[in-house]
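I opened this entry to keep a record of what I looked up, going from the whole chain down to a single residue.

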Amino acid sequence: QVQLVESGGGLVQPGGSLRLSCAASGSIFSINGMGWYRQAPGKQRELVAAITSGGSTNYVKSVKGRFTISRDDAKKTVYLQMNSLKPEDTGVYYCNVDVVTDSFRYLELWGQGTLVTVSS
């Protein structure tokens with residue numbers, strides 16, 4: 001069974017930092033694109049940051065300069081370092097990973113979600 005497990009959410013004051021992690025496990029042959037989405041209360045899920053297998057990154061405008069996405073392919077893990085957090089960053093964060101399994105199936109995986117609350 002191939003799955004993602006997220007960790008690292010929590011409550012933080014404005015201006016603080018958090019680091020999210022998302023680890024893939026199971027019969028994985030290779031990992032392609034990886035990304036983080038968030039869903040704020042009452043809003044649609046949006047792409048926050050993404051990273052390709054080659055390491056190219058892109059970010060939604062509202063987090064540029066504050067968030068950094070990275071990946072460790074040996075650990076099959078993607079990270080989201082979030083600095084200078086603002087109340088509007090509050091939401092449930094989901095990782096999204098495209099994998100090729102050992103049986104050469106292409107799968108799009110979603111993490112279970114982790115809540116980030118930015119509040120004083």
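**The model.** I am working from a predicted model, in which local features need pLDDT of at least 70 and side-chain atom pairs count only at pLDDT 80 or more, while totals for chains, interfaces and linings use all residues. Residues are numbered from 1 along each chain as its sequence is written, and side-chain values use heavy atoms, with hydrogens and water left out.

**Overall form.** I looked up the secondary structure and found 0 helices and 11 strands in the protein, where strands are DSSP runs of E of at least two residues and helices are runs of H or I of at least four, numbered from the N terminus. For the radius of gyration, taken over C-alpha atoms, I noted 14 Å, which agrees with the value near 14 Å for a compact globule of 120 residues; the globule rule is 2.2 Å times the number of residues to the power 0.38. The C-alpha trace spans about 50 × 25 × 25 Å along its principal axes. Buried residues (under 20% relative accessible area with a 1.4 Å probe, protein chains only) make up 42% of the 120 residues.

**The sheet.** I then traced an open sheet of 4 strands in the order β1-β3-β8-β7, with antiparallel pairing; two strands pair if DSSP finds at least two bridges between them. At the edges stand β1 (3-7) and β7 (67-72), and each has a single partner strand, so one side of each is left without a neighbour in the sheet. Neighbouring strands of this sheet are turned by 15° against each other on average, direction ignored, the axes being lines fitted to C-alpha atoms. Between β1 and β3 (residues 18-25), which run antiparallel, I noted 5 bridges, and the bridge partner of S7 in β3 is S21.

**T114.** Is this residue, T114, buried or exposed? At 12% relative accessibility, T114 counts as buried, and its place is in strand β11 (residues 114-118). I checked its contacts (heavy atoms within 4.5 Å) and, leaving aside neighbours within four places in sequence, found E6, G8, G9, L20, G91, V92 and Y93. With one of these, G9, the side chain of T114 also reaches the backbone nitrogen at 3.2 Å.

Notes: Axes fitted to C-alpha atoms, helices over the stretch in contact; angles between N-to-C directions. Buried < 20%, exposed > 50% of the residue type's maximum accessible area, 1.4 Å probe, protein only. Polar contact = N/O pair within 3.5 Å; in protein donor to acceptor, adjacent residues only side chain to side chain.
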